Amino acid sequence: MTNELGLDYNLDLEHDHVHDPLIGCAAENCSFRLDGEGLEGGIADSDDEANAANSIMLHGAGFTAAAVHETLMNRRSDSDSSISSFTNLTSACSDKIEELKAEEVRWFYKHYNDKKWVPFVGYDSLHLEERYRNLKQEIKDFLTLEKIYVRGGLYETDVESRVCTSIYWAGEEFKIMRATWFHDGSWQPLDECSAEQIEIAHLKKFLGSKCSDYTQSTPSKGAKPVILNVQLTTFHVDWNGPREVYLFSEATPSKLVRSFSQRIGLQKSGYRLHRGYSEEATPTDKPADITHLIFVIHGIGQKGETSKIIRNCSKLRDAVTFLKKKYFHALKESEERSEFFPVEWRSNLKLDGDTVESVTPHKIRGLRELLNRTAMDIMYYTSPMYRTEIVNCLSNELNRLYGMFCQRNPSFESGGGKVSVVAHSLGCVIMYDILTGFNPVQLYLKDLVAESSRDLNSEEGKTTQQLMDLEASLLERASKPKESMTAFTVENFFCLGSPLAVFLALRGFRPETEPLESIVPRHLVKKMFNIYHPSDPVAYRLEPLIKREYGANMPLQIHYYATIDKTPYETMPVEPLIPSRDEKTSLSKESVEEPKSPDKTCKSGRWSMIWPGWRKTNNSAEQDLLSMVIKETKVVEKGDIAPDFAGNLENNIENHDGITDHSPTATEMDTRLDFVLREGNMDSFGYLAAFTAHTCYWSNYDVAYFILNYLHPGMD
């Protein structure tokens, strides 16, 4: 039989079973070809009269070619399920026990430190099983020497060594295994060596027989009779029937429990095993082509830990995969697919060699080494000697990954494929400079030329004119549009825990003097999102760098991923950090305490629980206003309040010295940049939460949902 992928499935009349092309066998007597129109029967080198009548015997039951065709067509749920349909037909015709077919076997993979095995999709499992059976039969050809690409083309496998490695980035490796026997319920595979011994014993006992031959009446009391037993190192397996197989541990506690159960007449307790996976593998079970590529860039702290960004990227990928299955059902039916590529730039840097290590004192060595691995990266990047090396290293790695991906997927660019970036910590600053083509030398050129001109004598007019011409050319160069150092345009730029605002402020960016377009050029970055945790000590806001009054406005809070009705971020109003009228009248003694001194204002986590996004400030006017709100709140609690108290209080707040107007019409931006995460129960302990806040983004489902919502808009 042939499905739409061109795989032939033949009927062997002599041995009374189906030949699978993955084994490499060919039909000797009769073959049937299944296409979109129907089943065509024919004779292949046979003079047998029964075959000439186009009548076949399948598992002891008589079927004509027309009957087989009618049954197959009725059972087909769609045009791509011919393999499973034929398997269902043979199962319905007979309960004869045979060797496992390729679609019944499932291949799995896992990290070396993980306990749970993950199944490959049906498409990958069939190709791995084909390679396994060819190697077992010693079929050597040029195809056998090639690697098998799995998981959407991101990894390659070696069936002989049972290893799966990443293609685009180095350092990620998995174990793979061929699974034939599985635990009931979890469908986790039995280890390959034990499963092979169990399979050999099973076929030796039951091959060619029928399950109905071993049907036994269930005894009213006591255990069922055991017809086969296999003893292994740590457990033994009992067969009560061909499909009733149980595993029993040889550990002492388990043996004591079984002994006690048998004495009181109870059934032996064990783990039921199943032969063959719960779902048959099909060639159509494969992921769509990648339409959106996301580069994940790390920040500080990667020195000597090249696999850290790979683990963090895997956490983000796992969170996104979970949310896709649970909330983005339309995405499964579409042809869109996004994939995350980790980008590691720190390990290839030479920098100063071991100079810093050699000058590090030995006292409190652990703390000093920690600072050398983390904070030293910031010092390297601010150094004019090493900054260029860091920028070139990251941009070269991005272009290498993108070029390699486009070479393997030539339809990506022609099909309108998109590229986004998820950067963390210092990686946000480096990526921003790469996208905008920023060069710090331009900040000093004008002053340098002017200072050099003043130092020259007036008699040296020729040299002065040369410097003036140099100044003009440099200014002309600086006024040109910014150009990216990457070979692609970024659709979305997600910054996680980013200190970019501080770097821009130190470069001379000031509110009201720099428009949004100068910070985020639309021809280089279509959308930019600054995501941070309220307790992240490294993260800073971007919006106050564009409009000063946004420093007193709350950032947009990221929705809880399980919220049913999510308000679009584009329609969320601008809210000030100062509490609203309803919040003022709802404050109580249990939730608010009067600060003892201005320095301790907003230090308590209780303020952040009431007003998310509230931050500590050194503005004395805001501190005085806060004290006024607290005092007048106590008046509300005592009941001594005038009818127009709320209106007077609001007027006092709006007209208070040092506080600007917070009305949305005066401060609203066209595009919001700052997005803050919700605070958890432990986040009210500010300093304790700061230890983990900077690294909490990778496995956060709220962050994953936010990213996924902008990668595939309208699919949730």
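Two strands pair if DSSP finds at least two bridges between them; helices (H or I, at least four residues) and strands (E, at least two) are DSSP runs, numbered from the N terminus. In strand β21, Val-490 stands opposite Val-419. The model is predicted, and local features need pLDDT of at least 70, side-chain atom pairs count only at pLDDT 80 or more, while totals for chains, interfaces and linings use all residues. Residues are numbered from 1 along each chain as its sequence is written, and side-chain values use heavy atoms, with hydrogens and water left out.

**Strand β20 and its partners**

- Buried means under 20% relative accessible area, exposed over 50% and partly exposed in between (1.4 Å probe, protein chains only).
- Strand β18 (residues 292-297) runs parallel to β20 and is joined to it by 6 bridges.
- Val-296 has Val-422 in β20 as its bridge partner.
- Strand β21 (residues 490-496) also runs parallel to β20, with 5 bridges between the two.

**Aromatic pairs**

- A pair of aromatic rings is described by the distance of the centres and the angle of the planes.
- Rings of Phe, Tyr and Trp (its six-membered ring) pair if their centres lie within 6.5 Å; planes under 30 degrees apart count as stacked, over 60 as edge-to-face and the rest as tilted.
- The whole structure holds 37 aromatic pairs.
- Trp-181 and Trp-239 form an edge-to-face pair, because their ring centres are 6.4 Å apart and their planes stand at 85 degrees.
- Trp-181 belongs to strand β13 (residues 181-183) and Trp-239 to strand β15 (residues 235-241), so this pair ties together parts that are 58 residues apart in sequence. Trp-181 and Trp-239 are both buried.
- Phe-328 and Tyr-705 make a tilted pair, 5.3 Å centre to centre with 55 degrees between the planes.
- Phe-328 lies in the loop between α8 (308-327) and α9 (329-333), and Tyr-705 in helix α26 (residues 701-711), so the pair ties together parts that are 377 residues apart in sequence.
- Phe-328 is buried at a relative accessible area of 1%, and Tyr-705 is buried at 7%.
- Ring pairs also link a cluster whose members include Tyr-109, Phe-120, Trp-169, Phe-295 and Phe-488.

**Charges over rings**

- A charge sits over a ring if NZ of Lys or CZ of Arg is within 6 Å of the ring centre and within 35 degrees of the ring normal.
- The charged end of Lys-566 sits over the ring of Tyr-705, 4.4 Å from its centre.
- Lys-286 lies over the face of Tyr-123, 4.7 Å from the ring centre.
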